Amino acid sequence: MDYDVIVVGARVAGATTAMLLARRGLRVLVVDRVAFPSDTISSHQIQVPGVARLRRWGLLEAVRAAGTPPTRRLRFDAGEVVLDGSFPPFEGADALYSPRRTLLDAALVDAARSAGADVRENFRVEELVWSEGRVVGVRGRERLGSSVALRARIVVGADGKNSFVASAVGARTYRQRPVRAFACYTYFSGLPVTAGEVYRRRGRLVAVFPTNDDLTMVYLSEPLSGFEVFRRDIEKHYLAALDGCGDLGGRAREARREERLRTTPDQPNRFRLPHGPGWALVGDAGVVMDSVSAQGITNALRDADLLAEALSAELDGVPSLAAYHRGATAPSGRCTTTPSGWPGTRPASPNGCCTPQSPTVPPRSRASSVSSRAPSRPTPISTPRPCCESSAPPGGQEALAAPGPRGVGGRVVTGRCGQ
Ligand SMILES: Cc1cc2nc3c(=O)[nH]c(=O)nc-3n(C[C@H](O)[C@H](O)[C@H](O)COP(=O)(O)OP(=O)(O)OC[C@H]3O[C@@H](n4cnc5c(N)ncnc54)[C@H](O)[C@@H]3O)c2cc1C
């Protein structure tokens, strides 16, 4: 065998899995068809539990040193009701970060390389290599190169929502839900924010977060039913949506838009069985959910953590991939419902991003945190408990395609939309 593990895809899920496996002393190859730094269609809020993992792995400092501002407070405006709170510490992390994917993914690739993984960029996997019903490697090529076969004891598909590996092994899909919303976002200079801002308006959600280079990312999610009209004049409809969010539209018009508007209706919601003979899936390849949940990166970091642990046991002869499935991609049995009226959603809970059952703010004091204006003192916002760390039975409860409040890690009290 050339390697213990070959990982296909080197962004959050793949590079992290490779790094963690290499740190355990395994022989790892991670490949990606692109070279880093490289952007992708994704905004980039990392929820506090994801930040805690980056910190534990010694990677948070690189993200901070690159000038990624922390978001410690968040203002959630549902029209008549506004919550203003701060994130309580979670395993040593007390802020959400929004590093650009060019920065985050490249930092993770560097970390995988430093841990001892072989990294091949511009390498596209075209086929899986099989032996006696088991995946034993990949066949692919570098740009302009000739086809090569590389063998490993396990091949990991970290190749995103349209995973080639998942298709090639015929990974079973379950709990699939239709696309419910499209997303549109861009970056502004001269639109300073002192906290994250989230607005909910009639099936629409807008999120505003600071990111690198003193830019502010402004994200919009709308029900898919409006996509055809929206795409006829994207800028007009995008700004009109911001106009419905307090003074945000005015601030955006006074600011300078630095990048193009990125719009996508490609937002599937599904789980896939994440392992089989000689293969495993991690990140969006295993479970993908609407971007309004802003959980994909945090889920990918969590699942990479769990998969690295399971794979190193598996390769030592201890079957562990079924436990990985239960822990990482099975829905938790203890999730609160999310507000109704989210873009095209119904109350349920997103996989892997449960909010605690019991509110952080006790009922009496919670009442004081709900007002028509932001309270003067920040109220703690409860941090999501990563589902994987509960012992959820497989096939617990229906949980997909129910985006939670974007950027808000915890319980949110909703009111009727004012607009
Ligand atoms: C509009 C939008 C906004 C989002 N905002 C957020 C957010 O704020 N916070 C959040 O947590 N999540 C967000 N997400 C979700 C997040 O982008 C994904 O969950 C995350 O990127 C998943 O990471 P991944 O590593 O699993 O897959 P990807 O990031 O998709 O990486 C897959 C990699 O595999 C490579 N690859 C694919 N096929 C091959 C092949 N055959 N050979 C070699 N390489 C291959 C690709 O080049 C790619 O680099 C958003 C998504 C969208 C669409």
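These notebook entries cover helix packing and an aromatic cluster in a predicted model.

**Entry 1: helix H2**

I found 7 of its 9 residues buried, so H2 is largely enclosed by the rest of the structure. I noted the buried positions as Val48, Pro49, Gly50, Val51, Ala52, Arg53 and Leu54. Then I looked up what these buried residues pack against: helix H3 (60–65), strand E6 (96–97), helix H4 (101–114) and H9. Just after H2, I came to glycine 58, which has a positive phi of about 75°.

**Entry 2: H2 against H9**

Two packed helices are described by the angle between their axes and the distance between the axes. The crossing is left-handed.

For the contact itself, I listed Pro49, Gly50, Arg53, Leu54 and Arg56 on the H2 side. On the H9 side I listed Thr298, Leu301, Arg302 and Asp305. Sorted by type, the residues of this contact give 3 nonpolar, 2 polar and 4 charged.

**Entry 3: H1 against H9**

I next took helix H1, residues 12–23, which also packs on H9. Here the angle is about 30° and the axes are 8 Å apart. I recorded this crossing as right-handed.

From H1, the residues in contact are Val12, Ala13, Thr16, Thr17, Leu20 and Leu21. They meet Ile297, Ala300, Leu301, Ala304, Asp305, Leu307, Ala308 and Leu311 of H9. The H1 contact with H9 divides into 11 nonpolar, 2 polar and 1 charged.

**Entry 4: aromatic rings**

I counted 4 aromatic pairs, taking ring centres within 6.5 Å. The pair I followed up was phenylalanine 182 with phenylalanine 230, whose ring centres are 4.8 Å apart and whose planes stand at 55°, so the pair is tilted.

Phenylalanine 182 is buried, at a relative accessible area of 1%. Phenylalanine 230 is buried as well, at 4%. Finally, I noted that Phe182, Phe227 and Phe230 form one aromatic cluster.

Conventions:
Residues are numbered from 1 along each chain as its sequence is written. This is a predicted model: local features need pLDDT of at least 70, side-chain atom pairs count only at pLDDT 80 or more; totals for chains, interfaces and linings use all residues. Side-chain values use heavy atoms; hydrogens and water are left out. A crossing is left-handed if the near helix is turned anticlockwise from the far one by less than a right angle, and right-handed if clockwise. Helices (H or I, at least four residues) and strands (E, at least two) are DSSP runs, numbered from the N terminus. Contact means heavy atoms within 4.5 Å. Ala, Val, Leu, Ile, Met, Phe, Trp, Tyr, Cys and Pro count as nonpolar, Asp, Glu, Lys and Arg as charged, and the others, Gly among them, as polar. Axes are lines fitted to C-alpha atoms, for helices over the stretch in contact, and angles run from 0 to 180 degrees between N-to-C directions. Rings of Phe, Tyr and Trp (its six-membered ring) pair if their centres lie within 6.5 Å; planes under 30 degrees apart count as stacked, over 60 as edge-to-face and the rest as tilted. Buried means under 20% relative accessible area, exposed over 50%, partly exposed in between (1.4 Å probe, protein chains only).
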